Amino acid sequence: MKEINVSGKVRTATGKKASKELRKEGLVPCNLYGEKKGENGLPEALAFTASFAELRKAVYTPHVYVVNLNIDGAEHKAIMKELQFHPTTDALLHVDFFEVNETKDITVGIPVNLTGHAQGVRDGGRLNLSIRKIDVTAPYKNIPEKLDIDVTDLQLGKAIKVGQLQFEGLKLATSPEVVVCSVKATRASRAAAAAEAEG
């Protein structure tokens, strides 16, 4: 996984009004959830702010990053778990980070990358990508930047499901029944098949 550095400051003032003021200054309210659990049994959150300018590189991208957070001089490794955007302006409102280490498994969505030229496409069909990411579970050091899926042998009218895939060192967390990609017949391919059947 790619890594990116983000610096932050511990946030003392919380609540909607304080968050609004921070956003005016180009800062984004964030929470870092770690291993430590509070009295309610839920992970404790460290509230901090980070600059939008630094966060945007990790947010507006198809890549998945491990974020090296420096919060008031304390170093943390984390991944972004939840992002909140404004419903009309798409402005970044809030980020939840989840602390990671080299041994603990994390589950994260990794982009799908189709390789090869599908047989079904050579036969006149059209390749459809149904999902852009597959959820995988592994220690973050084992997680690749993308999942390469070879579609060379994919025939017309056939699909590849998550359950047919295997990647070394990764557990797939997306349901095995989910279709990743398929080759659909086009009007031209159906006409060609009909002509062949008649001929």
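**View 1. The loop that holds D72, between strand 4 (65-71) and strand 5 (74-85).** D72 sits in the loop that joins these two strands, where strands, like helices, are DSSP runs numbered from the N terminus (E, at least two residues, for strands; H or I, at least four residues, for helices). This is a predicted model, in which local features need pLDDT of at least 70 and side-chain atom pairs count only at pLDDT 80 or more, while totals for chains, interfaces and linings use all residues. Residues are numbered from 1 along each chain as its sequence is written, and side-chain values use heavy atoms, with hydrogens and water left out. The phi of D72 is near 50 degrees, a positive value in a residue other than glycine. Most residues other than glycine have a negative phi. With a relative accessible area of 49%, D72 counts as partly exposed, since buried means under 20%, exposed over 50% and partly exposed in between (1.4 Å probe, protein chains only).

**View 2. The loop that holds D90, between strand 5 and strand 6 (92-99).** D90, a residue other than glycine, also has a positive phi, near 65 degrees. Its relative accessible area is 51%, and D90 is therefore exposed.

**View 3. The largest nonpolar core, with 28 residues.** A nonpolar core is a set of buried Ala, Val, Leu, Ile, Met, Phe, Trp, Tyr and Cys residues joined through side-chain atoms within 4.5 Å. The members that touch the most other members of this core are I134, V136, I143, I149 and V180. At least two residues of the core come from each of strand 7 (105-115), strand 9 (133-139), strand 10 (147-150) and strand 13 (179-184), and strand 7 gives the largest share, four residues. Another core, of 19 residues, lies apart from this one and includes A50, L55, V59 and Y65.

**View 4. The surroundings of I143.** When its neighbours within four places in sequence are left aside, I143 is in contact (heavy atoms within 4.5 Å) with M1, I106, V108, I110, V136, A138 and L170.

**View 5. The cysteines C30 and C181.** C30 counts as buried because its relative accessibility is 0%, and C181, at 0% relative accessibility, counts as buried as well. The structure holds zero disulfides, a disulfide being a pair of cysteine sulfur atoms within 2.5 Å.
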